[in-house]
Amino acid sequence: MTSVETDPVERSGDWVQTAPGLQEIDFSRLKMKVDADRYLSQEFAERERERIWNRVWQVVCRVDDLPNAGDWKEYKILDRSYLVVRGADGVIRGLVNACRHRGNVMCVDGKGNTGRRFTCPYHLWSYDLEGKLRGVSHPELVGEIDKGELGLFEVAVDTFAGFVFLNPDPDAGPLAEFLGESVLACMEPYHLDEMVTVLDVREAIECNWKIVVDAFQEGYHIQGIHPELLQVIVIDPYSARFNLSGDHVVSCAPFQVPNADPEDELTGLRDLPTTFPTVAGYLPRLEELVDAHRGADGKIEYPEGVTGRTLLQQATRETLTDMGCDVTGLTDEQMTDNHGWLIFPNFFMTIRAGEATVITMVPHPDGDPNRCIWQIRSYIWLPEEHHEAFRSEPVEVAEPGSYPYFRALQQDYDQMPRQQRGLRSLRGSYMNLVMEELNVGRFHTVLDRWLSKEN
């Protein structure tokens with residue numbers, strides 16, 4: 001194994017050292033009482049449709065889902081449909097999925113390759129990969145038309161960290177401006193754009209989309225539904241850190257159990273792959289590093305400053321480096337600690353060196369505020385020659401509850417519909433957030449600001 005020194009220059013995880021903790025947050029500026037009706041009301045859902053989903057940048061797919069000219073993917077949000085397509089010039093563009101003749105949907109199968117042209121299946125009008133009208137069937141029946149004015153409507157598309165984003169708003173500002181410098185700088189050293197998709201599951205779930213957002217914005221529930229994680233994470237209000245960046249937020253709670261018995265800590269670390277699969281690849285090196293601190297009696301005796309946590313950080317850095325992944329821009333803490341991001345409104349990601357899991361959630365297409373669609377996508381860093389062997393095909397779950405998620409995610413999946421059912425009994429009342437749930441309060445504060453925008 002290669003011995004790797006961490007780079008002393010400023011790295012993307014250094015914000016943790018100076019970011020505020022719970023005791024430094026001004027809670028008077030956050031919405032800590034959240035009315036139940038916003039999860040239940042059809043009227044509230046309609047306001048979200050107009051002022052959130054028709055105006056905000058949202059993730060469609062990965063860039064590598066569109067490797068070739070003519071590759072396209074449909075993106076549906078509520079009752080609207082859009083296409084992202086790779087052009088002959090290599091540029092990814094966004095188009096409204098509706099023919100300019102009579103409004104028929106152009107593409108209906110979710111994804112595919114259209115060759116050089118899109119052809120409307122209704123009257124066979126055809127468009128090139130830039131959306132320009134190129135041909136009509138039976139021109140003698142059509143008469144004089146200006147093809148230059150009848151191209152498919154364009155929609156804003158851009159890419160970031162290997163993802164394709166789309167914004168339905170004709171007046172959308174740049175994606176980079178929406179994300180902000182902090183998000184851009186913090187993400188880059190993870191090399192998320194180089195990771196391969198190893199899980200992609202999409203299904204309907206019986207709760208409002210904001211229930212899903214809320215669930216992944218706090219760790220207060222760990223002791224309730226993820227008790228096994230208490231072996232390697234401590235619920236400590238003084239160790240968690242928060243970086244509030246524009247409309248977005250990232251927080252970090254260290255994976256550590258202070259004063260834990262070394263053998264108990266090691267047992268917890270060995271169990272991490274049930275929640276964070278890539279840790280399995282670092283365990284062989286971790287075992288070697290731990291064994292170097294075992295006495296003749298087999299008992300672990302760490303010197304001052306060494307713990308199972310620090311050894312896992314070393315094992316992670318060395319293993320990834322030997323695989324060819326550049327982790328010099330990441331801190332030791334980023335080797336083990338998950339940074340939980342929410343890119344407003346619906347892009348939640350936990351990320352650490354070598355792996356990321358992204359959860360997105362959108363309203364159900366039927367508009368019922370008691371239902372939503374969630375999509376779980378996991379990515380790991382591997383040498384490029386191994387990508388195809390590990391790449392996962394998308395899964396559309398037809399029978400709710402039939403897909404076996406990994407343990408922690410399954411626990412969340414089971415919990416969220418229970419909360420939606422409970423909120424229906426709180427109609428007209430509100431939820432009371434606690435300090436640890438400040439990210440939930442902040443999300444609803446930002447949501448209210450967007451909902452108050454008239455234009």
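**Figure 1. A salt bridge between buried partners.** E355 is buried, at 5% relative accessibility. R352 is buried as well, with a relative accessibility of 1%. The two side chains, R352 and E355, form a salt bridge with an N to O distance of 3.1 Å. This view, like those that follow, shows a predicted model. Side chains of opposite charge can pair when their charged atoms come close.

Figure 2. One network of salt bridges joins K31, D35, R38 and D448. K31 has a relative accessibility of 21%, so K31 counts as partly exposed. D448 is also partly exposed, at 26%.

**Figure 3. The salt bridge of R11 and D14.** How far apart are the closest N and O atoms of D14 and R11? The distance is 3.7 Å, and the pair forms a salt bridge. Is R11 buried or exposed? R11 counts as buried because its relative accessibility is 17%, below the 20% limit for that class. D14 has a relative accessible area of 21% and is therefore partly exposed. The structure holds 28 salt bridges.

**Figure 4. An edge-to-face pair of aromatic rings.** The whole structure contains 14 aromatic pairs. In one of them, the ring centres of W374 and Y405 are 5.6 Å apart. Their planes meet at 80 degrees, so the pair is edge-to-face. W374 lies in strand 18 (residues 372-380). Y405 lies in the loop between strand 19 (395-396) and helix 12. The pair therefore ties together parts that are 31 residues apart in sequence. Both W374 and Y405 are buried.

**Figure 5. An aromatic cluster and a cis peptide bond.** One aromatic cluster is built from W53, F178, W209, F344, F443 and W450. F344, a member of this cluster, also takes part in a cis peptide bond. The bond runs from F344 to P345, with omega near 5 degrees. P345 is located in the loop between strand 15 (339-343) and strand 16 (347-352). Most residues other than glycine have a negative phi, and most peptide bonds are trans.

**Figure 6. Positive phi in two loops.** Which value does phi of H138 take? Phi is near 45 degrees for H138, a positive value in a residue other than glycine. H138 is placed in the loop between strand 9 (133-135) and helix 2 (139-142). A161 also has a positive phi, near 55 degrees, and is a residue other than glycine. The loop that holds A161 runs between strand 10 (154-160) and strand 11 (163-167). A161 is buried because its relative accessibility is 18%.

Figure 7. V358 is part of strand 17 (residues 355-363). Its relative accessibility is 0%, so V358 counts as buried. I376 is 18 residues away from V358 along the chain. The C-alpha atoms of V358 and I376 are 5.9 Å apart.

**Figure 8. A patch of negative charge.** Which residues gather in the patch of negative charge on the surface? They are E188, D193, E194, D326, E384 and E385. D193 is found in the loop between helix 4 (181-187) and strand 12 (196-205). With a relative accessible area of 49%, D193 is partly exposed.

**Figure 9. A patch of positive charge.** R418, R421, R424 and R427 form a positive surface patch. R421 lies in helix 12 (residues 407-425). Its relative accessibility is 47%, so R421 counts as partly exposed.

Figure 10. G401 is in the loop between strand 19 and helix 12. G401 counts as partly exposed because its relative accessibility is 44%. How far is G401 from T336, C-alpha to C-alpha? The two are 31 Å apart in space and 65 residues apart in sequence.

Notes
Residues are numbered from 1 along each chain as its sequence is written. This is a predicted model: local features need pLDDT of at least 70, side-chain atom pairs count only at pLDDT 80 or more; totals for chains, interfaces and linings use all residues. Side-chain values use heavy atoms; hydrogens and water are left out. Patches are made of residues with over 30% relative accessible area and no salt bridge: like charges are joined within 9 Å, nonpolar side chains (Val, Leu, Ile, Met, Phe, Trp, Tyr) within 5 Å. Accessible areas come from the Shrake-Rupley method with a 1.4 Å probe; for residues, only the protein chains shown count as cover. A salt bridge is a side-chain nitrogen of Lys or Arg within 4 Å of a carboxyl oxygen of Asp or Glu. Lys and Arg count as positive and Asp and Glu as negative; His and the chain ends are not counted. The place of a charge is taken as NZ of Lys, CZ of Arg, CG of Asp or CD of Glu. Helices (H or I, at least four residues) and strands (E, at least two) are DSSP runs, numbered from the N terminus. Buried means under 20% relative accessible area, exposed over 50%, partly exposed in between (1.4 Å probe, protein chains only). Rings of Phe, Tyr and Trp (its six-membered ring) pair if their centres lie within 6.5 Å; planes under 30 degrees apart count as stacked, over 60 as edge-to-face and the rest as tilted.
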